[in-house]
Amino acid sequence: MWLRLVVLSLMTSCFGAEVQPAKAARASYSVVGVFPHDRAAFTQGFEYLDGFFYEGTGLNGKSSIRKVKVETGEVLQRRNVDDEYFGEGITIWKGDLIELTWQSKVAFVYDRATFAPKRTFSYPGEGWGLTHDDTALIMSDGSASLRFLDPVSFAERRRVTVTDGGMPVQRLNELEYVKGQIYANVWQTNLIARIAPETGRVLGWIDLTGLLPAADSAGVDFLNGIAYDAAHDRLFVTGKLWPKVFEIKIR
């Protein structure tokens with residue numbers, strides 16, 4: 001009788017406990033190529049399109065949007081942002097380049113070809129990273145949430161909470177949409193999360209520890225910047241005030 005009670009107690013305990021999903025695995029990387037990057041660029045947004053990088057930089061008085069030559073790091077085109085704004089993530093939607101700001105609750109829409117301003121829109125909270133899928137803009141705000149915005153009206157359609165092992169992943173920063181997944185830098189880490197857009201679940205991690213050589217590390221800030229060349233399946237990463245951009249393969 002005593003043994004039966006013990007077994008029943010254990011069964012009740014096991015079935016009553018909430019089983020948390022397993023944490024996502026970490027992948028490593030190999031470096032395919034290395035390209036120059038402006039050491040003065042406090043990278044907040046990073047895109048690849050038609051053979052060029054497009055970059056949004058931050059800090060009040062130093063924020064800008066740029067078109068950059070991949071092979072040399074030469075800034076071919078630049079528009080400075082007014083000193084009152086701290087530039088954040090960027091994305092390119094059709095003929096527009098869209099830029100968030102950190103705490104000003106305003107985003108700027110520019111003509112992609114000329115960088116001429118077209119319009120602005122507002123949003124609650126902070127702006128951090130920005131990317132898009134085929135139908136929506138996707139925005140981070142420094143929390144564990146991702147917002148999906150209408151690309152025409154900029155109204156919020158929905159949001160998801162990003163989790164790993166059932167726990168929220170905070171400080172989501174620069175974003176990139178890669179093969180149906182959202183890649184996100186996690187601020188103050190060397191990690192990129194690969195996120196399922198529908199559920200917010202982290203599918204895997206890319207651990208970029210050791211990517212920037214110690215000889216290049218003086219005066220740099222955190223890893224931040226993911227750009228994807230969909231036509232040639234190339235993934236580029238960089239960081240704030242980093243002297244280099246790296247093309248990497250995940251392994």
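Modeller: Let us begin with the nonpolar core. In soluble globular proteins, nonpolar side chains tend to be buried together. A nonpolar core is a set of buried Ala, Val, Leu, Ile, Met, Phe, Trp, Tyr and Cys residues joined through side-chain atoms within 4.5 Å; buried means under 20% relative accessible area, exposed over 50%, partly exposed in between (1.4 Å probe, protein chains only). The largest core here has 18 residues, and L146, I195, V202 and W205 have the most contacts inside it.

Colleague: Which strands each supply at least two residues of this core?

Modeller: They are β13 (145-149), β17 (172-178), β18 (181-186), β19 (191-195) and β20 (202-207). Strands (E, at least two residues) are DSSP runs, numbered from the N terminus. Another core, of 16 residues, lies apart from the largest one and includes V178, L208, I226 and Y228.

Colleague: On what kind of model do these values rest?

Modeller: This is a predicted model, in which local features need pLDDT of at least 70 and side-chain atom pairs count only at pLDDT 80 or more, while totals for chains, interfaces and linings use all residues. Residues are numbered from 1 along each chain as its sequence is written, and side-chain values use heavy atoms, with hydrogens and water left out.

Colleague: Which residues does V202 touch, not counting residues up to four places away in sequence?

Modeller: Contact means heavy atoms within 4.5 Å. On that basis, V202 touches A24, V162, T163, D164, V169, A193, R194 and I195.

Colleague: How should I read a sheet, and what is the strand order in the open sheet of four strands?

Modeller: Two strands pair if DSSP finds at least two bridges between them. The order in this open sheet is β7-β8-β9-β10, with antiparallel pairing. Its edge strands, β7 (87-93) and β10 (117-122), each pair on one side only. From one strand to the next, the twist averages 20°; axes are lines fitted to C-alpha atoms, and angles run from 0 to 180 degrees between N-to-C directions.

Colleague: How many bridges join β7 to β8, and how many join β8 to β9?

Modeller: Five bridges join β7 to β8 (residues 96-101), with W93 opposite D96 and I92 opposite L97. Their hairpin has two residues between the strands, and K94 in the turn has a positive phi of about 55°. Four bridges join β8 to β9 (residues 106-111), where I98 stands opposite V109. That hairpin has four residues between its strands, and K105 in the turn has a positive phi of about 60°.

Colleague: Are the faces of β8 covered or open?

Modeller: Both are covered: D96, I98 and L100 on one side and L97, E99 and T101 on the other are all buried.

Colleague: Why is β3 described as largely enclosed by the rest of the structure?

Modeller: Six of the seven residues of β3 (residues 43-49) are buried, so the strand is largely enclosed. β3 pairs with β4 (residues 52-57) in the antiparallel sense over six bridges, and L49 stands opposite F52. In β4, T57 is buried, with a relative accessible area of 1%.

Colleague: Finally, which residues lie nearest the centre of the largest pocket?

Modeller: On a 1 Å grid over the protein atoms alone, a pocket is an open set of points where a 1.4 Å probe fits, with protein on both sides within 12 Å along at least five of seven lines; lining residues have an atom within 4 Å of a point. Of the 15 lining residues, E47, H132, E176, Y177 and Y228 lie nearest the centre.
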